[in-house]
Amino acid sequence: MGFNDETFMLTSEPALKLYDQIKDQPIFDYHCHLDPKEIFEDKVYDNIVDLWLGGDHYKWRLMRAHGVSEDYITGAASKLDKFKAFARSLSCSYGNPVYHWSAMELKNVFGIDEVLTEENAEDIYHRINETLKTKKISPRKLIKDSQVTFIGTTDHPLDSLEWHQKLADDVSFDTTVAPTFRPDEAFIEHRNFTEFIRRLSQVTAVSIKEFQDVIDALEKRIAYFAEKGCKASDISFTEIVFEEADKETLDSLLKTVQEGYQPSQLEINQWQTAVFAELCRLYKQYGFVTQVHFGALRNNHSGIFQQLGSDVGVDSLGDQTALAINMNRLLDHLAQQNNLPKMIWYNLNPSYNIVVANTLANFQTNEEGIKSYLQFGAGWWFADTKSGMLSQMTALAEQGVLANFVGMLTDSRSFLSYQRHDYFRRILASYLGQWMVDGEVPNDYDAIGQMAKDIAYHNAVEYFND
């Protein structure tokens, strides 16, 4: 086993054999934050900094930790100087997954075998930029070279989806790019809530005065997304809550919040519960897989947030009380109303992995024969590390059925992030291979290999296309 070679992260002979079965499988990337406009326009990149460092808050966070001035991260420094500053930071970042991802991207995409350091950064910078030009590296080329068959983007509920339609109409592009319905602004604590309700009313021609009007208008947008090939929804909650409220309370909240009232935490929880329950009803009706990301504390450094905005590397994993109680009550409420859709739950705080996997096992009953109707999603954001992936898979294996797991996703804004699927597959192969070494599963490469192939690709295809 050597650094970034063919045996990278493959810890045993069984791991090598299992990886050999899954390394060349296609990628079904069901959740990411790529821009469909960029995919359609397919402009050739001319500078590695734009492709590799622009908008990548994982790398920005690492650079700040190494004492790099913001001028060399998001500021006005030259692209070469930014690249050299990142190389200097990366050289000390052993153990951070960015160190691994970066090495894999350099080797697998650009053919750079050397370890990037501050000393060789300028030479590598110019070589990569020449490769970008001569190989005409663009979004579609990166997608094709990575064998990506499906991309699920993340989209505002009022988006026109014009770029998705243009991609669907383009017979020269084989990869399906489907929108994902992401209505974060429909929740009253969101800073854009009032403006969102105004625009929602305008776009849907629904006069929004009561809670039910909000739901009716959202359904119109869900129907529109379904027409455009949407297969999934997504939402990000700080906490999982369950607080029921009557119609009068919800109607009053809608009115007063739009007038400037600051809701209490109880009222925020009541609105979240009601809106999400109604959305789940609609998602089941329209056949959307419901993705729930929870546990992120966002924009914690107020100065950086005010200067640069959201998603710039100042977010954290959070904690909460009564997760098991609230999650069980919420899922039971949906099940009793027959409104429980297919769901994928992504937990940001690994300390809750067993709780989440254990809770989901209570609600797998379905008459459609869908394997793991409720999915425990892959390690997300701060948990898409080696230890995070292993913790998630261990909890799922012990509390559910790992063989049904829908596997990895990029959850990224970078077209280079498909290397994360290879990273996951290497970790998966070593994890299952160690079971074989330890005698915890049969020494059956056909059976365990098929399990690995299903997790790497086939389960996701079946789950989203069912």
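Q: What makes the 156 residues of the largest nonpolar core count as one core?
A: To join a nonpolar core, a residue has to be a buried one of the nonpolar kinds and link up through side-chain atoms within 4.5 Å. In this predicted model, 156 residues belong to the largest such set. Those with the most contacts inside it are Tyr-30, Phe-83, Phe-110, Trp-271, Trp-345, Leu-402 and Leu-432.

Q: Which helix gives the most to this core?
A: That's helix 13, spanning residues 265-286, with ten residues.

Q: How do you know what Phe-110 is in contact with?
A: The test is heavy atoms within 4.5 Å. Skipping neighbours within four places in sequence, Phe-110 passes it with Ile-48, Leu-51, Glu-105, Ile-128, Thr-131, Leu-132, Ile-137 and Leu-416.

Q: Why are strand 1 and strand 3 said to stand at the edges?
A: Look at the order of their open sheet: 1-2-3, with parallel pairing. Strand 1 (27-29) and strand 3 (176-178) each have a single partner strand, so one side of each has no neighbour in the sheet. Neighbouring strands here are turned by 10° against each other on average, direction ignored.

Q: How do you know that strand 1 and strand 2 pair?
A: Pairing takes at least two bridges. Strand 1 and strand 2 (residues 148-152) have three, in the parallel sense, so they count as a pair. Within this stretch, Phe-28 stands opposite Phe-150 of strand 2. Helix 19 (residues 445-465) lies across both strands, at about 45° to strand 1.

Q: What makes strand 5 mostly covered?
A: A residue is buried when its relative accessible area is under 20%. In strand 5 (residues 232-237), six of the six residues are buried.

Q: Which residues point which way from strand 5?
A: Ala-232, Asp-234 and Ser-236 point one way, while Ser-233, Ile-235 and Phe-237 point the other, and all are buried.

Q: How many bridges join strand 5 to strand 6?
A: Six, and the two strands run parallel. Over in strand 6 (residues 289-294), His-293 is the residue opposite Ser-236.

Q: Why are strand 4 and strand 10 said to stand at the edges?
A: Their open sheet has five strands in the order 4-5-6-9-10, paired in parallel. Strand 4 and strand 10 (374-376) each have a single partner strand, so one side of each is left without a neighbour in the sheet. Further in, strand 6 and strand 9 (residues 343-347) pair over five bridges, and Thr-290 has Met-343 of strand 9 as its bridge partner. Helix 15 (residues 323-336) lies across strand 6, strand 9 and strand 10, at about 170° to strand 9.

Q: What makes a residue part of the lining of the second largest pocket?
A: A lining residue needs an atom within 4 Å of a pocket point. The second largest pocket, at about 710 Å³, has 32 of them, and Tyr-19, Lys-23, Asn-108, Gln-419 and Asp-422 are the closest to its centre. Helix 18 gives the most, with five residues.

Conventions. Residues numbered from 1 in each chain as written. Predicted model: local features only at pLDDT ≥ 70, side-chain atom pairs only at ≥ 80, totals over all residues. Heavy atoms only, no water. Buried < 20%, exposed > 50% of the residue type's maximum accessible area, 1.4 Å probe, protein only. Helix = DSSP H or I, 4+ residues; strand = E, 2+ residues; numbered from the N terminus. Axes fitted to C-alpha atoms, helices over the stretch in contact; angles between N-to-C directions. 1 Å grid on protein atoms, 1.4 Å probe; cavity = no way out; pocket = protein on both sides within 12 Å on 5 of 7 lines; lining within 4 Å. Points joined across faces, edges and corners; volume = space filled by probe spheres on them.
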